[in-house]
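Trainee: I am new to this structure and would like to go through it step by step. Could we begin with the way the chains are related, and then turn to the rest?

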2 protein chains.
Amino acid sequence: MKKYSRQREAILKVLCSTDTHPTANQVYDRVRETIPNISLGTVYRNLAALSAAGKVLSVSVGDGYERFDGNNSPHLHLHCKLCGKITDLPLETDYFAETAQSRGFTPDSSVYIVSGVCGECNTKEKN
Amino acid sequence: MKKYSRQREAILKVLCSTDTHPTANQVYDRVRETIPNISLGTVYRNLAALSAAGKVLSVSVGDGYERFDGNNSPHLHLHCKLCGKITDLPLETDYFAETAQSRGFTPDSSVYIVSGVCGECNTKEKN
DNA sequence: ACCCAAATCAGTAATGATTACTATTTTATT
DNA sequence: AATAAAATAGTAATCATTACTGATTTGGGT
């Protein structure tokens, strides 16, 4: 993160303009619309850098892919095991991080996931 | 999970008798003390089955390994990015799951992770 | 107890997401 | 414009996890 690159900016832009928690490959596809010959390795490298810099969140719901999230205000992830969708639920404050801090821990990022069945899939199931 | 197997029971026992959030390979090593010729594939298959059955939690802190947790009362994971340790912080109630439920979502498991620097590493850093 | 079908297993091979490598290009500073 | 550090494209390698196969184990019915 010492020098500017339009590749990194494009990647960040993709993540900040969606709430779909894309995988590295999905980010790759989106960025290629702007920079057709960007390399997948570049996407991975920058996702790792952005994540380490705290500009982006890395979320794993256990489906074999790492997912990325440009939303940096505290929120809860609702992960539907049927349709795979991840929806965000904003939180007033990051209470858990505050609790951690009061215990001598220095927090720098939080990931909260509740897995189950979403409302939409719930109604479908009944039929 | 239709038939009993001592391999699965041994795997569950390992997970219920530790709070170190072991990887599949670490579980494999521990179980081999009891069942020396158990196969790594068997460990993976049963971890997936136990996780799907809700008897075990699957936790991913983004270090390239899936980790497993036999603790099934609600708790927060404090993940230290320096030493890699994951410590548990018990929660009175699973408030987020309850919130999700009140929004029409049917929760069945929750994973909460706060990443940062643990108290121990904090004091080491100062020196 | 024995039989049988379904479930599970051990062992090994295959998969595929992610990382590493290298020669080239870009960035920012002087 | 010259330079050095940083980043990139493209490709090869890694390795955690999954899939496959033939043998073994489990549990229900007789």
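**How the two chains are related**

Mentor: In this predicted model, chain B is superposed on chain A by a rotation of 180° with 0.0 Å of shift along its axis, and the RMSD is 0.0 Å. That is therefore the relation of a two-fold axis.

Trainee: Which residue of chain B comes closest to the rotation axis?

Mentor: The distance in question is taken at the C-alpha, and for chain B it comes down to 2.2 Å. The residue of chain B that comes closest to the axis is Y112(B).

Trainee: How many residues of chain B are in contact with chain A, and which element gives the largest share of that side?

Mentor: Contact involves 27 residues of chain B and 27 residues of chain A. On the side of chain B, at least two residues each come from β3 (75-80), α4 (95-102), β5 (106-117) and α5 (119-126). By class, this side of chain B holds 14 nonpolar, 11 polar and 2 charged residues.

Trainee: How many bridges join β5 of chain A to β5(B), and which residue stands opposite V117(A)?

Mentor: The strand of chain A covers residues 106-117, and it runs antiparallel to β5(B). The number of bridges that join the two strands is 11. Within this pairing, the residue in β5(B) that stands opposite V117(A) is T106(B).

**Within chain A**

Trainee: In what order do the elements of chain A run from the N terminus on?

Mentor: Chain A has 5 helices and 5 strands in its secondary structure. Its C-alpha trace spans about 45 × 45 × 25 Å along the principal axes, and 32% of its 127 residues count as buried. From the N terminus on, the order of the elements is α-α-α-β-β-β-β-α-β-α.

Trainee: How far apart do the C-alpha centres of the two domains of chain A lie?

Mentor: Chain A is divided into domain 1, residues 1-71, and domain 2, residues 73-127. Where these domains touch, 8 residues of domain 1 are in contact with 12 residues of domain 2, and the side that belongs to domain 1 is made up of 3 nonpolar, 3 polar and 2 charged residues. The C-alpha centres of the two domains lie apart by 21 Å.

**Around the DNA**

Trainee: Which element gives the most to the surface near DNA strand D?

Mentor: There are 28 residues around DNA strand D, and Q7(A), T42(A), Y4(B), G41(B) and E66(B) come nearest. Two or more residues each are given by α1 (6-16) and α3 (40-52) of chain A and by α3 (40-52) of chain B. With 5 residues, the element that gives the most is α3(A).

Trainee: And which element gives the most to the surface near DNA strand C?

Mentor: DNA strand C is surrounded by 28 residues, of which Y4(A), E66(A), S5(B), Q7(B) and T42(B) are the closest. At least two residues each are supplied by α3 of chain A and by α1 (6-16) and α3 of chain B, and the surface has 9 nonpolar, 12 polar and 7 charged residues. The element that gives the most here, with 5 residues, is α3(B).

Notes: Residues are numbered from 1 along each chain as its sequence is written. Chains are lettered from A and ligands numbered from 1 in the order in which they are written. This is a predicted model: local features need pLDDT of at least 70, side-chain atom pairs count only at pLDDT 80 or more; totals for chains, interfaces and linings use all residues. A residue is near a molecule or strand if its C-beta atom, placed from the backbone, lies within 6 Å of it. Helices (H or I, at least four residues) and strands (E, at least two) are DSSP runs, numbered from the N terminus. Two residues are in contact if their C-beta atoms, placed from the backbone, lie within 7 Å. Ala, Val, Leu, Ile, Met, Phe, Trp, Tyr, Cys and Pro count as nonpolar, Asp, Glu, Lys and Arg as charged, and the others, Gly among them, as polar. Two strands pair if DSSP finds at least two bridges between them. Copies are superposed by least squares on the C-alpha atoms of residues with pLDDT of at least 70 in both. A residue is buried if 20 or more other C-beta atoms lie within 10 Å of its own, exposed if 12 or fewer, and partly exposed in between; C-beta atoms are placed from the backbone. Domain bounds come from an automatic or database domain assignment.
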